[in-house]
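Please open the structure in your viewer and keep the selection panel at hand. The tour below moves from one selection to the next and says what is to be found at each stop.

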Amino acid sequence: MTTIANLSINLSASTAAFEKGMAAAGTAVSSLSATASRAGLALGALAIGGVGWGVKLAAEAETSAVSFEVLLGSAAKAKAMLGEIKKFAAATPFGQADLRGAAQTLLNFGVAGESIMPTLRMLGDVSAGDKEKLKGLSLAFGQMSSTGRLMGQDLNQMINAGFNPLLQLSKMTGKSMGELKDMMEKGQVGVDAVTAAFTSATSEGGMFFGMMEKQSGTLSGMWSTLQD
């Protein structure tokens, strides 16, 4: 038989358990709310960062369009070249910014507009998909193009990027390295000869043939393509 005292004890115990459960639930809700708040802030920051990145890319594209229009003397030519660079970037380990920079360097040194894309493909293969090497090769090739002949500084820059055009010319002509260096010092190794060396090295059978395509299959190459 339940007594009043027993009923009071049971009631007190039930009330205590209920209050404890409610307190735990309140803590859980507060924790969940705090977590959701932090997640919201993180997502918000990510969204803001994404917008900032998009604005930066748009600004860079606009600046490039103006620069190429000035360098090529035509808005139509600039648009066409930037379109080719975009396609080129999507199929190689290079980003659009890397290729635009290399193209601008070549144009600034007087390389003809119609030669830019073939030259970029050639230099891209020789650089094996490395953007720093592409940058160095573009500078050296541009400097050489502006003077009309290969000079010691240009040769050293090309060698540092992994390619010695005199070695390739030696294979092509049968002349010794000594003879070719002597010719270079006399200003007798012109742009056409060096271009021929690059072309030979990147054509079928050459040591750099298809290097960009091969590098595009690597993890870093696929990530670059994904970004573009």
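Begin by selecting serine 127, which sits in the loop between α4 and α5, where helices (H or I, at least four residues) and strands (E, at least two) are DSSP runs numbered from the N terminus. The model is a predicted one, in which local features need pLDDT of at least 70 and side-chain atom pairs count only at pLDDT 80 or more, while totals for chains, interfaces and linings use all residues. Residues are numbered from 1 along each chain as its sequence is written, and side-chain values use heavy atoms, with hydrogens and water left out.

At 1% relative accessibility, serine 127 counts as buried, a term that means under 20% relative accessible area, with exposed over 50% and partly exposed in between (1.4 Å probe, protein chains only). Residues up to four places away in sequence aside, serine 127 touches Phe94, Lys133, Leu134 and Leu137, contact being heavy atoms within 4.5 Å. Now select alanine 128, in the loop between α4 and α5, which has a positive phi of about 55 degrees although it is not a glycine. Alanine 128 counts as partly exposed, at 21% relative accessibility.

Buried residues make up 29% of its 228 residues, and among contacts between residues at least 6 apart in sequence, 58% join residues at least 24 apart.

Move on to helix α3 (residues 96-108), whose 13 residues should span 18 Å at 1.5 Å a residue, in agreement with the 18 Å between its end C-alpha atoms; the expected span is 1.5 Å times one less than the number of residues. Its buried residues are Leu99, Arg100, Ala102, Ala103, Leu106 and Leu107. Seen down the axis of α3, these fall within an arc of 165 degrees, so they line one face of the helix, the arc being that of the directions from the helix axis to the C-beta atoms. Just after α3, glycine 110 takes a positive phi of about 95 degrees.

Within α3, select arginine 100, which is buried with a relative accessible area of 10%. Apart from its neighbours within four places in sequence, arginine 100 is in contact with Glu60, Ser64, Phe68, Leu82 and Ile85.

From there, step to phenylalanine 68, whose contacts beyond four places in sequence include Met81, Leu82, Arg100, Ala103 and Leu107. Phe68 is also among the residues that touch the most other members of the largest nonpolar core, which has 44 residues; such a core is a set of buried Ala, Val, Leu, Ile, Met, Phe, Trp, Tyr and Cys residues joined through side-chain atoms within 4.5 Å.

Which residues lie nearest the centre of the second largest pocket? Of the 15 residues that line this pocket, they are Ser115, Thr119, Met122, Phe141 and Thr195. A pocket, on a 1 Å grid over the protein atoms alone, is an open set of points where a 1.4 Å probe fits, with protein on both sides within 12 Å along at least five of seven lines, and lining residues have an atom within 4 Å of a point. α4 (113-126), α5 (131-147) and α9 (191-202) each supply at least two lining residues, and α4 gives the most, with six.

Finish at serine 203, in the loop between α9 and α10 (211-216), which counts as partly exposed at 32% relative accessibility. The C-alpha atoms of serine 203 and aspartate 125 are separated by 9.7 Å, although these residues are 78 apart along the chain.
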